[in-house]
Amino acid sequence: MTKEKTVSITIDNKKLHVKPGLTILQAAKANNIYIPSLCAFEHLPSYGACRLCIVEVDGIRGFPTSCTTPVEDGMVIRTETQELRNLRQEVLKLLLSEHPASCLFCSDKEECINFQGTIRKVGNTTGCRYCPNDHRCEIQTIVEKIGLTETSYPVYYRNFPVEKYDPFYDRDYNLCILCGRCIRVCNDIRLNGTLSFKQRGQKTTIGPAFDRTHLEAGCEFCGACVNVCPTGALSVKTGKWYGKQDKEGETTCNFCSIGCKLILQTKNESIVDSLPDYDSPLDKGLICVKGRFSITEYVHSPWRYSTPMEMTPVGYNNITWEKALDIAAEKIKGVKPDEVLMLISTQLLNEDIYCTQKFMRKIIGSEHIIPTPLIYLNNDFATYWNLCTESQPLEVIENTQFIFTVGFDSTYGYSPIGIRIKKAAKAGAYLVTLNDKETNLDLLASASFQVEKKAWYDVIEILIARDGKEKKHTEAQKILKEGAIDLNRLKKSLSKTKDKLIVLGQDILNHPERTRLLDRFEKTITKGGWKIIVANPYTNLKGTLMLGGFPYIMPGDILKTQTGEKVKTIKTQIVNFDLNKKRKLIYIIGDAPDLMIPDCDFLIYQNALPASFKKMPDLILPSNLFPETDGTIINMEDRILMVKKVIEPYMESKPDWWIISAIGERLKKGKFQFKDMQSIHGEIKKLIKGFPKIKDRLEFSRINAAGSKKTARFTPVPEAKRAIYRGIALSEVVSGMKVIERSLNE
Amino acid sequence: MSDTIDLIFEKYERAQDQLIPILQEVQRQYGYVSPEAVKKISRYLKITENQIYGVSSFYAQFRFSAPGRHSIRVCLGTACHVRGGATLLEMLERELDIKCGDTTSDKRFDLDRVACLGCCALSPVVQIDKDIYSRMTVTKLAELLKSYE
Amino acid sequence: MNKLKNKITLAKNKWKDLEDNKIPIIFVGAASCGRAAGALELMPEIEKFIGEHNINAEILQVGCIGPCYLEPLVDIKMPGQPRISYSNVNAKVLSNILKSHLLDGIPYTRAAIGNFSKNTFMDIPPLFEHPMLKPQVRIVLRNCGIINPEDIDHYLATDGYQGFMNALTKTPEEVIGIVRQAGLRGRGGAGFPTYKKWTVCRNAPGDEKYLICNADEGDPGAFMNRSLIESDPHAVLEGMLIAGYAIGANKGIVYIRAEYPLAIERLKKAISQMREYGLLGKNILKSNFSFDIKIKEGAGAFVCGEETALIASIEGKRGMPRSRPPFPAISGLFGCPTIINNVETLGTLPNILRNGADWYNRFGKEGNRGTKTFSLVGKIRRSGLIEVQLGTTLREIIFDIGGGVQKNFKAIQTGGPSGGCLSEEFLDLPVDYESLAAAGSIMGSGGLIVMDEDTCVVDVAKYFLDFTQKESCGKCIPCRVGTKHMVEILDRITKGEGNTEDLLTLRNLGDTIKKGALCGLGQTAPNPVLTTLRYFRNEYLEHIKEGRCRAVVCKSLIEYRVIKEKCTGCQSCVRVCPTGAISGPRSEPHNLDPTKCIKCRSCYEICRFDAIAGDAIVIRTAEKRS
């Protein structure tokens, strides 16, 4: 083992060996020495503004800030002297004269804490409580640590109106101490540049250009600014009056196929906040508005099903699970394999899918288990899947010299991809964007094509066809001219670089020439030269196919490592199920958004929220949502990610696997039964070695959908336009998402 | 506007350190930095409009609304202060019925303070457009204003 | 090199032609200050005169020789006569001068202040014997007001670029050694030894290094840098060449206030002349040294005089200082090693390299070598730009050079808003870095503001604090919030609403800001208050306890009165009063209603200067509050 290089320093008479390159503050922190600080934040560049982390260093004049001063060998540092204490107290007093401090020095402070459960919100608007951040406030901690008990300066209440007009979070800059954390995170970490200091000196404020709203100014509502704010200046609308959380737990976001890590904070079994983990290697804490702000409202939606329900002539009746399961079993019993249709969302967990397919195959004996994307994409499903199997890990982006985004925008989703692209572009990668509207990457692009969809194919040809061939694409020639894009430069930088990457956004799914485009990409990728990342909205598409949630694909079959097959030929034409044929029973898990549900005798709808389709289900079975249950998904990087239960399920809702298993048990008299996660995993393990604890990326075979080309019919994909979870658009449930959607459609 | 602003860009590289020179030239040509100009500069320099506004609002030189036909700058340097520069500013605010930093409703004058014009030995001084008037008094200044349409 | 030598020979001939002129030459002092005083309006008058009288004469615009109180200055040099300098030239005086001197060849002695020779000429004493100029030692300002700043030949003729050429014959280390021996300290304010900074930068790794000339002269009341650049831009640019050579930089930037358009224009001209003469570009004078200079205009932020803020500003960011380390000499502009030198430091370098370190050591005193320029302004009789040896006393500056104070001397502020306000007892203080610091002030870049008994020190302290508060970048808390508290307390005191505890609070705040602020602007911001508190405590107490402003400045504590005995009833004041506070029929003493009076000074001025008025309006301390 090689010894790591260290420098030796002395802090408060303690000799320490620390890593070189650290700041004094970091070195102290690593050795459990507390130095108060406000503007410093672990993942942000240091700033040195609050002046609380000052220390004394031998040989340095005055009081350097420990957050900006790097350690040097032999440095002698003192963090606690009388002079430092006094100076910190004085600086803190000054800070508090800009920050309403009634919560810190009120004589009735103790009393107040005892009663805060009842008076908080009222107090804020009518009384002395200015701030939603009580007990989560870093200033409170610091005041305590520094031992300040009073302040002698008057408070300058700046009288800014509280900004409540943007979705998701409110801003009360009267509480702001101008530490600049929000600005640094917005500019340096998120590379978004919505927030900026404005004016200077006493007049300094924070916000977008002119007096624009955040929505107008290009804010992604990633909420990173709210995470890092040490005060109550920035607060999440849904969680601001809950006070300090009592629990927190980690899980994986299920809103798209990236699978960002989330830290969910809860109070009284309610989710009050959802935070990123900056140390997560996959997403680096760069979560998007969906994971950051949509969970609370979705999970705690007033429209959640609380109990199973049965349709009666006078409307829906709440019934017990016993009864509901009996009805389901009763209706399923005896149906012939081709009289049943099981529609599943691709946003279910692996375990749910495994149980469901087993139920279909073992109990009903049917292959009619259809993941909903298959219906929308029909023939294109195979091509899309094949591109997805080629999708690279996200870290590839930063090492790529040429990036071509097609129909991709990461303002309100896919930010771990988008921010990596921005980073690459800032570091000098050649970025070309193609969309029919302005995207959030255009600003940094070397060339951006904002062209009608019908011209996309030609533009793509210019980029991926061999030299000289682009001439015949007259449409593209016109575009180049109009957009003042220098084709020679573009071509030159194309020919220079070996690492070329296509980032395929979800907009491609709605392209009228989808088939032609996807085929073109598939050809390009298989030929080599270009890599691809598919930003796909189907959270667990990979898991759905791997666990057999697809006709004629058995669990484990699609794994390349297992079968060694590069291409898997599906025996039957994949779209040969006649979706218009009347069925005896249709069972839907998740939703089938905007879909015409074929005629049927009985419709079972298993989900957490009311369906988007018009047909009224005969039986409604309430499901859990991902923060309420354990399980796994396989993300776009082909990794198995853990989904963990953070809160107790809502009312009587149940995990999907539990519901299926319970119905199965009724039909098979105890022979189809899963007690818990372990028992499901045990079974999957027999088919897929090591499941679910597989660290490496999985490898999947491509699909050859033999002979299904002729029936292709274009169906627009709802996921292309809106963020959808289990069939329900987030904008239908989450008010802020509705506001964003409206602004996009304007 | 878009044509002339593109001409400005031709003179400057596409780098952030060109931002302030570009803003200065925009202000020289148009009298102020408009939201449209900020948008154009944003596209050219690949910096967001918010970042540009953040930088430009830091500096006293840039204004974001159209100036008056004549710009009055009252020097409030030390020498001018000691000799009554503030009184001149007060008088102008009263006479023109605007606050420092604003433009009169008839767009005749805009009024601002300036830290020091470096003509301290001739204080107090007032600058109207490009002309600097030295050893000003309240009464002389009132007379002077009449000569500006 | 040969090409330049030829140019120098030509330039010297050109200069000699000027000295042995065959036709009259008229020099007009047309730096910004001269222009403000009306110098440019004289130009057409002169042209008209020589046109009408068919005189073959040359008109030259020159810079500023220093005595601004005498502006506008016009010099005339007749063939065979020394150059004669005329002061306070207006149209009327001008025509007398031209008639007498140009037409008749007889200097117009009434307006003449001196001649440029060493002897008295026709009763006109030598200019440099003038009491304001005589005690001065002009090294940096040696060419100011004498040569045409827009003509590189004039600079070359007066040994310009000789220092740089000397430098090229030495290694950069040797050049740094000479500067070290000369004992040159940074003239921007802090007085850090120039060679030390240079050595750090010279030794810092990196191929790309920058030299920045800090011409962001933001101190209100200071104009040394403006004047030097306007009057002798090549001196500064030559200094940049020398510094760039010494530290190994190939790129030079002049960061200059946009408020100095004339200086910018002259710099641009000078730079293009340098290029034309092969003094900029690749392999200058066939050496291995390549250098180019660009101009960056500031955009109105005092704090950008601070090194790290200046760098941020050049990079196109908000001009907010950052903590050091890393020091700019190691990681500055675009992360490259960067030296930022003040205009005057750079302007001094050519002289040191031309004449040697020993020569420079003759000036000033141990540890404070050389000279320093100051802008001497305020309530001083002879205001203007001066240059004295370090170690000269304040008394010599104020009374010998400045000719004393208009009324009774009260205080002098050195170092602008970052400096301190010193009382009479410090008049014999030698002006050097350490002495000023010991007195609680700083050298600063060189603003000297003289105050007399009509200046209220509390008001001045408030003015400075208000200035720094407005110019604070707002980044660190002590500066942003602390200065605001100080201004509010001072405001209270000037309104007569303060209490004695306020004085203690002011001191505590001052102490906190000095120790706690991030950058030089903040750390020095409390100086004006701390020094006035120390040396003029009584005046604060008068404001607080007696509600009295002895200088009759603080508005809330003064009132306007009409002295009935003097009032002629001319109604001039009634006409100018904006609020109708003064009333009374013609020819009868007027009444002034103090409740309506807004103390705008209009009546006071009109009553003093109007011919028929009787100087009947007085401003005096208000009746004591009940």
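In this predicted model, ring pairs join four residues of chain A into a cluster: Phe168(A), Tyr169(A), Phe221(A) and Phe293(A). Counted over all chains, the structure holds 41 aromatic pairs.

Tyr354(A) and Phe674(A) form an edge-to-face pair, because their planes stand at 70° and their ring centres lie 6.4 Å apart. An angle over 60 degrees counts as edge-to-face. The two residues are 320 residues apart, and the pair thus links distant parts of the chain. Tyr354(A) belongs to helix α10, which covers residues 350–364 of chain A. Phe674(A), in contrast, is found in the loop between α21 (656–668) and α22 (677–687) of chain A. Tyr354(A) is buried, with a relative accessible area of 5%. Phe674(A) also counts as buried, at 5% relative accessibility.

**The pair in chain B**

The rings of Tyr53(B) and Phe64(B) have planes at 45° and centres 4.8 Å apart, so this pair is tilted. Tyr53(B) sits in helix α4 (residues 49–58) of chain B, while Phe64(B) sits in the loop between α4 and β1 (70–75) of chain B; the pair therefore ties together parts that are 11 residues apart in sequence. Tyr53(B) has a relative accessibility of 8% and counts as buried. Phe64(B) is partly exposed, because its relative accessible area is 22% and the limit for a buried residue is under 20%.

**Charges over rings**

| Charged residue | Ring | Distance from ring centre |
|---|---|---|
| Lys145(A) | Tyr34(A) | 4.6 Å |
| Arg83(C) | Phe27(C) | 3.6 Å |

In chain A, the charged end of Lys145(A) is placed over the ring of Tyr34(A). In chain C, Arg83(C) lies over the face of Phe27(C).

**Domains of chains B and C**

The domain assignment of chain B gives domain 1 (2–58) and domain 2 (70–145). The C-alpha centres of domain 1 of chain B and domain 2 of chain B are 29 Å apart.

For chain C, the domain assignment gives domain 1 (18–129), domain 2 (161–360), domain 3 (365–452), domain 4 (457–546) and domain 5 (555–621). Between domain 2 of chain C and domain 5 of chain C, the C-alpha centres lie 54 Å apart.

How values were computed
Residues numbered from 1 in each chain as written. Chains lettered and ligands numbered in written order. Predicted model: local features only at pLDDT ≥ 70, side-chain atom pairs only at ≥ 80, totals over all residues. Heavy atoms only, no water. Domains from an automatic or database assignment. Phe/Tyr/Trp six-rings, centres within 6.5 Å; stacked < 30°, edge-to-face > 60°. Helix = DSSP H or I, 4+ residues; strand = E, 2+ residues; numbered from the N terminus. Buried < 20%, exposed > 50% of the residue type's maximum accessible area, 1.4 Å probe, protein only. Lys NZ or Arg CZ within 6 Å of the ring centre and 35° of its normal.
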